[in-house]
Amino acid sequence: MNLKGLAVSQGGKEKPTDKAGKTERISITYTIDENPLAEIGQHTIYFRIVNPEGFVLADAGQSVRKFKSEKGDDIAYSRSVTVNYDGSKLTKSITWDQDAFNPGTYKVEVYIDGYFAGTEKLSLN
């Protein structure tokens with residue numbers, strides 16, 4: 001998984017930045033490796049974006065959304081996407097836009113169909 005803080009110009013052009021005051025978007029690029037044993041078909045990927053204060057980010061005006069983990073726990077998440085996996089390597093990106101990002105370390109956790117798949121951190125100064 002690769003995380004980037006992005007500044008966005010008025011024309012929509014993105015420029016990488018590690019400055020919290022300039023960051024308007026976080027780009028999350030993730031890869032699901034080739035796995036001939038994995039179930040073919042649609043899978044739901046859940047992203048938990050945790051801010052430096054430890055809170056899971058949510059879309060403005062949305063109530064907290066939760067999914068069931070493989071252990072049966074309700075876990076809050078920021079965004080979900082559905083992918084059609086055919087067993088081959090799959091790379092995709094999503095973005096998280098926000099008016100202001102506080103300085104500190106953001107953590108992104110990824111779950112596929114409720115199973116923990118990985119985590120990555122992004123530091124904004």
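Q: How many helices and how many strands are there in the protein?
A: The protein has zero helices and ten strands. Please bear in mind that this is a predicted model.

Q: In what order do the elements run from the N terminus?
A: The order is β-β-β-β-β-β-β-β-β-β.

Q: What percentage of the residues count as buried?
A: Of the 125 residues, 37% count as buried. The accessible surface comes to about 7700 Å², and carbon and sulfur atoms account for 45% of that surface.

Q: What share of the contacts comes from residues 24 or more positions apart?
A: Among contacts with a separation of 6 or more, 63% are between residues 24 or more positions apart.

Q: Now the sheet. Which strands are in the open sheet, and in what order?
A: The open sheet has four strands in the order S7-S4-S9-S10, and their pairing is antiparallel. Strand S7 (79-85) and strand S10 (115-124) are the edge strands, each of them pairing on one side only. On average, neighbouring strands of this sheet are turned by 20° against each other, direction ignored.

Q: How many bridges join S4 to S9, and how many does S4 have with S7?
A: S4 is joined to S9 by six bridges, and S4 pairs with S7 over seven bridges. Both pairings are antiparallel. For specific residues, Arg48 has Glu109 in S9 as its bridge partner, and Gln42 stands opposite Asn84 in S7.

Q: Why is S4 described as largely enclosed?
A: Strand S4 (residues 41-50) is largely enclosed by the rest of the structure because eight of its ten residues are buried.

Q: How many bridges link S9 and S10?
A: Nine bridges join strand S9 (residues 104-112) to S10, and the two strands run antiparallel. One example is Thr105, whose bridge partner in S10 is Ser123.

Q: What does Val110 touch?
A: Leaving aside neighbours within four places in sequence, Val110 is in contact with Met1, Ile45, Tyr46, Phe47, Tyr115, Phe116, Ala117 and Gly118. Val110 and Phe47 are 63 residues apart in sequence, yet their C-alpha atoms are 4.9 Å apart in space.

Q: And Ser80: where is it, and what is it in contact with?
A: Ser80 has its place in strand S7. Not counting residues up to four places away in sequence, Ser80 touches Thr44, Ile45 and Tyr46. Ser80 is partly exposed, with a relative accessible area of 30%.

Q: How far is Ser80 from Ser69?
A: Ser80 and Ser69 are eleven residues apart in sequence, and the distance between their C-alpha atoms is 14 Å.

Q: New topic: S5 and S6. How do they pair?
A: S5 and S6 pair in the antiparallel sense over four bridges. Together they form a hairpin with five residues between them, and Gly72 in the turn has a positive phi of about 90°. The bridge partner of Lys68 in S6 is Asp74.

Q: How many aromatic pairs does the structure hold?
A: The structure holds seven aromatic pairs. In one of them, Phe67 and Tyr77 lie 5.9 Å apart, centre to centre, with 55° between the planes, and the pair is tilted. Phe67 belongs to strand S5 (residues 65-68) and Tyr77 to strand S6 (residues 74-77), ten residues apart. Phe67 and Tyr77 are both buried.

Q: Why is the pair of Phe101 and Tyr106 edge-to-face?
A: The planes of Phe101 and Tyr106 are at 75°, with the ring centres 5.7 Å apart, so the pair is edge-to-face. The cut-off for that label is over 60 degrees. Phe101 and Tyr106 are both buried.

Q: Which residues do ring pairs link into a cluster?
A: The cluster consists of Tyr46, Phe67, Tyr77, Tyr111 and Phe116, linked by ring pairs.

How values were computed
Residues numbered from 1 in each chain as written. Predicted model: local features only at pLDDT ≥ 70, side-chain atom pairs only at ≥ 80, totals over all residues. Heavy atoms only, no water. Pairing = 2+ DSSP bridges. Axes fitted to C-alpha atoms, helices over the stretch in contact; angles between N-to-C directions. Phe/Tyr/Trp six-rings, centres within 6.5 Å; stacked < 30°, edge-to-face > 60°. Buried < 20%, exposed > 50% of the residue type's maximum accessible area, 1.4 Å probe, protein only. Contact = heavy atoms within 4.5 Å. Areas by Shrake-Rupley, 256 points an atom, 1.4 Å probe, with all protein chains shown as cover.
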